Amino acid sequence: MAVQDIRRVDLPPLPHWETTPEDLKAAIREIKPALRARIAASGRSVEEVFAVLEARIADTVAEIEAAKARGEEIWPVLDYADIESGTVPAEQLEKLRRRGCLVVRGHFPHEQARAWDASIVDYVERNHFFENYRGPGDDFFGSVGSKPEIYPIYWSTAQMEARQSERMAEVQSFLNSLWRYESDGVQWFDPNRDSLYPDRIRRRPPGTNSGGLGTHLDPGTLDLWMTEAYQKAFRHLFDGTIESYDPYDAAHRTAGPTYPGSTMCSAFRTFQGWTALSDMEHDQGVLHTVPIPEAMGYLMLRPLLSDVAEDDMCGVTTNQVFPASEKWHSLLLRAVSGIPDVRAGDSVWWHCDMIHSVAPVQDQKGWGNVMYIPAAPWCPRNEEYAASVRAAFADGSSPSDFPAEHYERDWDGRFRSDQLNDIGRRGLGLG
Ligand SMILES: [Fe+2]
């Protein structure tokens, strides 16, 4: 038995809640001292461990600020052709790993993406979506006005063609392979099989005024500290071995429960992503990230410091997105970086734990249209969710992670099961 394993046996236990605790504040008051005690068993205090990570992140923030000052592009950009042929240069791969986000140029031919966009318009108009639209089904993405920006549409031909395309599978495998998906004799996910996580589309018209979306992250809320699986996934943050924390380690991330909530994602995603269906300029209300994957460690440890109230996790609570705020995370927010100009057919990706936001825009120039398609590799968690996806696909329902709006059930032109190819069937767990 290795020295590290012997020490692990002596770690103070952590309480855990496999479903949402009834008394959230009481649970927070219980978990915080338990986490601090476990970290302290390493011989270093929370403050000391946090300082190690903070120093490392501060260096990265300074590097990003310097690169911005030199006018350099912060987001890595790769050509699809290089991903497909396996000829991405090593230094570009290294930059991708470090930044945790990516623009894929020419992921789909420009004309293909424009045709998909037009076919979505045809699909929703033919089925009288705007006449029947009942307003936002959730409050987080809710927008003012009669026409939505986010269309709760999941089963158009365009979306399904993209989800089951070879080109999408190629990029998803490439991104999945940045992760460590085998350890301790377990294959945590299959990097070469995606689960076709169905999400919505956004069509934001020219002239839009939008307040954007504040900095937040999506992998979970209090469950990130409180379930046994996440406690194992973030073990290096919680046992004082911060130097071993690897944001690309999938161990224990792909099977555990998540607390339900209006913004939850049941699936495990290595990267979130969208495919552009219109050209978008970088200053027209586009996506930004804090391009530092290890920032997750900062977010997880920050609430344990003594200046945060004992029943507060820096504002994180269930049923709301995990906020990243000036009050608690100002160092991280200095690194917020937007995507470059993109063209229809390019795709945009960011590590699932990454802080992101959508910038506000006034009188937007051009359209801002995207299909949300992440990389959600086949794993126990995604296999379980795939059962409900299959049912939703069969009758055109909204998938169970989303509000039960079900617009497409009797729509003409919905993607049919006989249009599935091998990738589509495998993704839905049908073959
Ligand atoms: Fe988000």
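**From the metal site to the cores**

The iron ion is coordinated at 2.2 Å by His 216 (NE2), Asp 218 (OD) and His 356 (NE2). Donors here are N, O and S atoms within 2.8 Å of the metal (3.2 Å for Na, K and Ca), and water is not among the atoms, so sites may look incomplete. Along the chain the donors of the iron ion follow the spacing H-x1-D-x137-H. His 216 lies in strand 8 (residues 213-217) and His 356 in strand 14 (residues 356-358), so this pair ties together parts that are 140 residues apart in sequence. Helices (H or I, at least four residues) and strands (E, at least two) are DSSP runs, numbered from the N terminus.

This is a predicted model, in which local features need pLDDT of at least 70 and side-chain atom pairs count only at pLDDT 80 or more, while totals for chains, interfaces and linings use all residues. Residues are numbered from 1 along each chain as its sequence is written, and side-chain values use heavy atoms, with hydrogens and water left out.

Buried means under 20% relative accessible area, exposed over 50%, and partly exposed in between (1.4 Å probe, protein chains only).

Strand 13 (residues 347-351) is the next element to consider. Of its 5 residues, 5 are buried. Ser 347, Trp 349 and His 351 point one way from strand 13, whereas Val 348 and Trp 350 point the other way.

Which strands pair with strand 13? Two strands pair if DSSP finds at least two bridges between them. Strand 2 (residues 101-105) runs antiparallel to strand 13 and is joined to it by 4 bridges. Within this pairing, Leu 102 has Trp 349 as its bridge partner, and Val 104 has Ser 347. Strand 9 (residues 271-276) is also antiparallel to strand 13, with 5 bridges, and Trp 274 stands opposite Val 348.

Strand 2 in turn pairs with strand 1 (residues 77-79) in the parallel sense over 3 bridges, where Val 77 stands opposite Val 103. Strand 2 is largely enclosed by the rest of the structure, because 4 of its 5 residues are buried.

The cysteines come next. A search of the whole structure finds 0 disulfides, a disulfide being a pair of cysteine sulfur atoms within 2.5 Å. The sulfur of Cys 352 is 9.2 Å from the closest cysteine sulfur, in Cys 265, which is too far for a bond. Cys 352 counts as buried at 5% relative accessibility, and Cys 314 counts as buried at 4%.

A nonpolar core is a set of buried Ala, Val, Leu, Ile, Met, Phe, Trp, Tyr and Cys residues joined through side-chain atoms within 4.5 Å. The largest has 49 residues, and those with the most contacts inside it are Trp 225, Met 226 and Phe 234. Helices that each supply at least two residues of this core include helix 2 (24-40), helix 3 (46-69) and helix 10 (223-226). Helix 3 gives the most, with 8 residues.

Leaving aside residues up to four places away in sequence, Phe 234 touches Leu 224, Tyr 245, Arg 253, Met 296, Met 300 and Asp 353, where contact means heavy atoms within 4.5 Å. A second, separate core of 43 residues includes Ile 83, Tyr 151, Leu 175 and Phe 271.
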